[in-house]
Amino acid sequence: MSIIEVKDLHKTFIRPDGTKLHVLNGINTKISKGEKISVIGPSGSGKSTFLRCLNRMEEPTSGEIIFNGQDITAKTCDINLVRRKMGMVFQHFYLFPHLTVRKNLTLSPVELKIMTQVLLKQIVIKCYLI
Ligand SMILES: Nc1ncnc2c1ncn2[C@@H]1O[C@H](COP(=O)(O)OP(=O)(O)OP(=O)(O)O)[C@@H](O)[C@H]1O
Ligand SMILES: [Mg+2]
């Protein structure tokens, strides 16, 4: 079973001048538990918008996101409960500059008691800088 399934996801931003920017144009994908994937594309193509939609930090304009069997785009979904099971580490100013890459990645799951520091130390974190 997929841990994340995305069905016909669209996101349109309304610019300050009232014009529309259709960033996500019907994305369909399935991600299995333990699978490691990369989302690649030019700057401005919508990678961060897509990731933010996955835990509704950006509200999708339409489409469905099924996380662990639950439709998290449903009106009845308590998104804060879902977010406790989804970790995200963003780029630039969202990072703590005084912490290492490993500390930045592990801070949230340790604080939320989702994983222990001991368990996380067993996970090898590789960074590929391009
Ligand atoms: N809140 C917003 N309001 C209006 N437009 C936005 C908003 N957030 C993002 N955009 C626009 O949506 C497009 C996609 O932005 P996004 O940040 O998702 O791209 P990206 O692929 O992550 O880029 P980068 O590689 O530079 O991180 C860009 O044109 C951006 O200006
Ligand atoms: Mg981005």
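Q: How many residues lie between β1 and β2 in the hairpin, and which residue in the turn has a positive phi?
A: Five residues separate β1 and β2 in that hairpin, and G18 in the turn has a positive phi of about 90°. This is a predicted model, in which local features need pLDDT of at least 70 and side-chain atom pairs count only at pLDDT 80 or more, while totals for chains, interfaces and linings use all residues. Residues are numbered from 1 along each chain as its sequence is written, and chains are lettered from A and ligands numbered from 1 in the order in which they are written.

Q: In which sense do β1 and β2 pair, and over how many bridges?
A: Strand β1 (residues 2-14) pairs with β2 in the antiparallel sense over 10 bridges, where pairing requires that DSSP finds at least two bridges between the strands. Strands here are DSSP runs of E with at least two residues, and helices are runs of H or I with at least four, numbered from the N terminus.

Q: Is β2 largely buried or in the open?
A: Of its 13 residues one is buried, so β2 lies largely in the open; a residue is buried if 20 or more other C-beta atoms lie within 10 Å of its own, exposed if 12 or fewer, and partly exposed in between, with C-beta atoms placed from the backbone. Across the protein, buried residues make up 9% of the 130 residues.

Q: Switching to ligand 1, which element gives the most to the shell around it?
A: That is α1, with three residues; β2 (20-32) and α1 (47-54) each supply at least two. The residues around ligand 1 include F13, G44, K47 and T49, where being near means a C-beta atom, placed from the backbone, within 6 Å of the molecule.

Q: And where does M115 lie?
A: M115 is in the loop between α3 (101-111) and α4 (117-121), and it counts as partly exposed because it has 14 C-beta neighbours inside 10 Å. Apart from neighbours within four places in sequence, M115 is in contact with P109, V110 and L120, a contact being two C-beta atoms, placed from the backbone, within 7 Å.

Q: How far apart are the C-alpha centres of domain 1 and domain 2?
A: They lie 22 Å apart, with domain 1 covering 2-86 and domain 2 covering 89-130, bounds that come from an automatic or database domain assignment.
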